[in-house]
Amino acid sequence: MIPEDGSLRSWEKAWGAFVKAWRAAAVTRPPKVTEGTPLRAYRRPRGVKTDQILVHESTTSSRESTVRVLRRRNKPKGLGVHFMIDDEGGITRHVPISKATVHAIGHNSRSIAIEVIHNYYGSRAKPGDRVIDAVWADRGKDGKKHYIVPPLPQMESLWRLVCWLCQDPRDDLPLTFPQAQTIKSGPCFKWGRSKNHKLPGVLSHSASGHSDGAFPVHFCLLRRLGLSSQDAYDGTIKAAKAATRKNRWTQLPDHDSGVS
Ligand SMILES: [Zn+2]
């Protein structure tokens with residue numbers, strides 16, 4: 001029954017707020033995670049909280065080649081990551097989250113590492129890949145700063161994994177995004193090194209001066225702000241293209257959640 005006195009408006013408002021909150025709420029169903037090849041792990045130092053999730057992009061094309069590259073680097077013990085996500089969204093665990101691994105200087109003891117298996121150099125694009133101009137991306141062999149957009153199912157899988165990790169009561173992982181900040185022009189995201197990279201939350205490797213992980217983290221941030229999967233994907237592509245050489249900040253939807 002539709003009320004005649006205008007209270008429909010407030011009802012609509014309340015429903016809208018509920019839907020938004022529901023979308024922004026963490027995913028309750030845990031994602032499917034399978035056991036992968038074990039990688040380098042060490043005991044977390046006593047007294048150090050696990051309070052960061054650090055997202056990488058591998059520049060490799062498969063789980064096997066990623067394992068090979070990680071083991072070959074930083075010899076003799078190699079590097080590691082806790083999770084890998086392939087381009088279809090399949091998740092594998094390579095290090096237990098109770099242990100630390102070596103993946104990013106300054107972040108190892110306190111973080112969980114997620115490797116998005118993504119060969120993002122524009123020069124390596126295959127037919128059907130979506131390539132965008134991106135000032136924040138690494139220069140490819142063709143000398144251009146082009147970035148291949150990762151597939152949506154992979155991004156959605158990352159989001160589910162991030163939500164699941166942040167729900168784990170054993171850790172102290174906040175579902176916040178230190179690369180998002182309110183500056184003069186409002187809430188924005190930094191496509192590049194961020195002075196906030198030591199804060200707890202979900203970060204890309206690019207926050208500490210590398211160039212990987214920014215796109216996936218921006219996608220998760222938009223999901224956190226309540227956008228649907230497709231809107232978060234389209235919004236991230238738009239923002240990734242909007243960053244310029246002089247201005248690495250791009251606008252976020254006006255919403256206070258997750259932005260410090
Ligand atoms: Zn990285």
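Asp234 counts as partly exposed in this predicted model, because 14 C-beta neighbours lie inside 10 Å of this residue, between the limits of 12 or fewer for exposed and 20 or more for buried. The residue sits in helix H5, which spans residues 229-242. Although Asp234 and Leu152 are 82 residues apart along the chain, their C-alpha atoms are separated by 9.7 Å.

Beyond its neighbours within four places in sequence, Val162 is in contact with Ile53, Val202 and Cys220.

Val162 also takes part in the packing of H3 on helix H4, the latter formed by residues 214-224. The two axes come within 9 Å and cross at roughly 65°, so H3 and H4 are roughly perpendicular to each other. Their crossing is right-handed. On the H3 side, the contact is made by Met155, Leu158, Trp159 and Val162, and these meet Pro216, Phe219, Cys220 and Arg223 of H4. Sorted by class, the contact comprises 7 nonpolar residues, 1 charged residue and no polar ones.

Of the contacts between residues at least 6 apart in sequence, 68% join residues at least 24 apart.

Notes:
Residues numbered from 1 in each chain as written. Predicted model: local features only at pLDDT ≥ 70, side-chain atom pairs only at ≥ 80, totals over all residues. Helix = DSSP H or I, 4+ residues; strand = E, 2+ residues; numbered from the N terminus. Contact = placed C-beta atoms within 7 Å. Axes fitted to C-alpha atoms, helices over the stretch in contact; angles between N-to-C directions. Parallel < 35°, antiparallel > 145°, perpendicular 65-115°, else oblique. Left-handed = near helix turned anticlockwise from the far one by under 90°. Nonpolar A, V, L, I, M, F, W, Y, C, P; charged D, E, K, R; others polar.
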